[in-house]
2 protein chains.
Amino acid sequence: MEVVRPDWVYTASGLKRDVAIAMDDTRIVGILPPERQPRDVVRLPGRLIMPGMVNAHSHAFQRAFRGHVQWSQGEDDFWTWRQAMYGVANSLTPDGIEAISRLAFLEMAESGITHVGEFHYLHHRPGGGRYTDPDELAHRVIRAALDVGIRITLLRVVYGRHSAGKALTAEQGRFGDRSPDEALAAATRLAAHPDPRVSAGIAPHSVRAVPPAWLPELAAWDGVVHAHVAEQPAEVEGCFAEHGCSPLQALDRSGLVTSAFSAVHLTHPSAGDVQRLAEVGASVVACPTTEMDLGDGFLPNDARQKTSVCLGSDSHAAIDLFWEARALELHARALAGRRNVLAPPGERHGLAKRLLHAATSAGSRALGSDAVGLQVGSEADLIAVDLRHVAAVGMPPLEAVAFAANPQWVTDVWTAGQRIVADGRHVARERIIADARDHLLR
Amino acid sequence: MEVVRPDWVYTASGLKRDVAIAMDDTRIVGILPPERQPRDVVRLPGRLIMPGMVNAHSHAFQRAFRGHVQWSQGEDDFWTWRQAMYGVANSLTPDGIEAISRLAFLEMAESGITHVGEFHYLHHRPGGGRYTDPDELAHRVIRAALDVGIRITLLRVVYGRHSAGKALTAEQGRFGDRSPDEALAAATRLAAHPDPRVSAGIAPHSVRAVPPAWLPELAAWDGVVHAHVAEQPAEVEGCFAEHGCSPLQALDRSGLVTSAFSAVHLTHPSAGDVQRLAEVGASVVACPTTEMDLGDGFLPNDARQKTSVCLGSDSHAAIDLFWEARALELHARALAGRRNVLAPPGERHGLAKRLLHAATSAGSRALGSDAVGLQVGSEADLIAVDLRHVAAVGMPPLEAVAFAANPQWVTDVWTAGQRIVADGRHVARERIIADARDHLLR
């Protein structure tokens, strides 16, 4: 049992001063006013404690080449980047995948992320040969998350072809399934993982990469479903040519679009897509940094306003969910030509709360969890944000987190009641970095 | 004489390893290979030293209400924000203006900014009464910069009316000049400031706020000229109605658009504006965070590609020039639907260099200085950036600075050879914050 007292606690019922949080090995067991705090309460001056952030879209292995494709070799776009990414995907050994994933999850933990949705598509040996354990690489990624100490929802990707009428290429062999059953069976096995911090979902990669006949079969999955939707114009055009409708409609006709569905990106939605997602209560996962980095574009404002939007760091060009949350609103302003676009009218700290919701509870929901904020009984997944930075001077606390914080402001992180980051450092930082070095692109 | 040896030095001729920098009271006097380094060289392990960053557009007093207008009171746009800003502008005493400016400059210094262009328009008493010294408030702002220890170019704003055919309102009285001569005389006095770290320019606020007849008279100014140009559509429409041309063309016809001119914002340029700026070698000052925050929009890509673009933190919604530099490229990608838009083709670290140029030398140029990078003989305005963060693992050093660094990565800052920030803290941090507290909006 640990009892900590920061200056502020952002609870499910609002911001509180001078309260302490008591947690046991898994859950919050008390939010204590001063008179009920034990004498040995651990004080965290200047800190604000809030729920851990949820990174709803990650390809952990892509951390391996951060910074190495930020220059021009001629014409550069999403597809040339994908070529470079394929090279990295096929060069990594299982040890490399585990080490790089651990590095990515370390950075997530230290920047205040306590739960990751890993959109996992490295399944086999390069070229497509199976490992003895067909879930070998998924287990490597899960082990990396558990070693760091964050929760993981393994979104087991289904990948069946290059594109309409074109079989997998050799460099896509590592991702490919032979049938939807192969993917569903793997997801079922992963969902049975004994550690309560692990869950699983199914992720038809995109309408491009999944044969149409497979889609209705995947709708048999009872649980979370994520898919890349309308990230690039070429994908949308290809879908209209093959399906005669938008990517979201193709998924919807197959029964995949429910309240358990998350549309990742949606930077190029078609008419009716946003409305449909709103109707069924599906989620949208926005990944603003990656969507800029890869030239995808900006999520249209109606999607920001009408759907349950959560956040992902995706390609890990950067891992900073404070910034991704801020971008939800800042990009909306630039697109709309006005201010406070996502703000509930008249509510003093409503916009900051809305952005922090996107970075926390909305992501939990998209990953099939029921985390609804910090309260007695909720999982003790918490972060402490230091507001004693010059940038925060004079700012209300929630606005300081939403509009000024960066990863270096996170000092302490707990998942399931265990403190995995203290004073801004993960307990195993040096080992994890050393293990990853040999596998990084040079 | 101080000699420091970080792991990397980003010199005018490229990135160097294992060299030391020797500086005297003002300038860099040596870039020393290992065999010429003194035994007592100060080592800065893991650090990269580069030129200090230049913040070419600042309204320091606006730091007073950071975080207090990030919520919706109904319809919120640039103009409702301006109303809130006027309230702050008219509530501050000279002591308050000095204290808040010092806080803003402190944050700049700690985040790696060594030179600020202060677009200064608080000249008089609220309502318009003159101070005994007509330059009282300019001197307060200059004193704040010198107290912190950064260079300042006081861009003395000219403000003559509310808008076409409409005199100054009471709440604009604090900004107003009675004639262009009043402004020119003030700028001339300020330019004669004895401290070499101080310079001055003239800044017709905008075509909206300056009577047309004044513009040609301001062209008599021999030096730096900055103006807000095409920040909001309403300003552009008003200019076409009054002048029959775009804001840039109106300034150009008056002789103000030369290589010493900077167009601030340019989020809504008219046909030919970008081409004209490129022709004369003028600068564009982009302020991406503020331009999003205020709903101005995005600088069009042709301006990013064809003109000399530098950066400003403007309203100080945030002060992070690493991020502003990154945004130059990331926004360009989202707008263009491709990658590496500003990158020189085939040059390995060319994009990172281009973005760091925008944050350093391009800003110097816009402020009338000749700083062209780190070399023997250049002013010793330097910053040390710590690359030992998890986010930088595996990244090439220049890409780490351009695509990953944030203000908390800055550990040491020198201006004119004086170390004003050490281990991430300005020597007078606590006093400056304490002095500012009473003047911040609550």
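## Salt bridges within and between chains

In this predicted model, B:Arg431 and B:Asp147 form a salt bridge at 3.4 Å, N to O, the term denoting a side-chain nitrogen of Lys or Arg within 4 Å of a carboxyl oxygen of Asp or Glu. Distant parts of the chain are linked by this pair, as B:Arg431 belongs to helix 15 (residues 429-437) of chain B and B:Asp147 to helix 3 (residues 136-148) of chain B, 284 residues apart; helices (H or I, at least four residues) and strands (E, at least two) are DSSP runs, numbered from the N terminus.

B:Arg431 is partly exposed, with a relative accessible area of 40%, and B:Asp147 is partly exposed at 32%; buried means under 20% relative accessible area, exposed over 50% and partly exposed in between, with a 1.4 Å probe and protein chains only.

Two further pairs are listed here.

| Pair | N to O distance |
|---|---|
| A:Asp177 and A:Arg156 | 2.8 Å |
| B:Asp293 and A:Arg333 | 3.2 Å |

B:Asp293 lies in helix 9 (residues 288-293) of chain B and A:Arg333 in helix 11 (residues 321-336) of chain A, so this pair joins two chains, and both B:Asp293 and A:Arg333 are buried. A:Asp177 is buried at 5% relative accessibility, as is A:Arg156 at 3%.

Over all chains, the count comes to 60 salt bridges.

Residues are numbered from 1 along each chain as its sequence is written, and chains are lettered from A in the order in which they are written. Local features need pLDDT of at least 70 and side-chain atom pairs count only at pLDDT 80 or more, while totals for chains, interfaces and linings use all residues, and side-chain values use heavy atoms, leaving out hydrogens and water.
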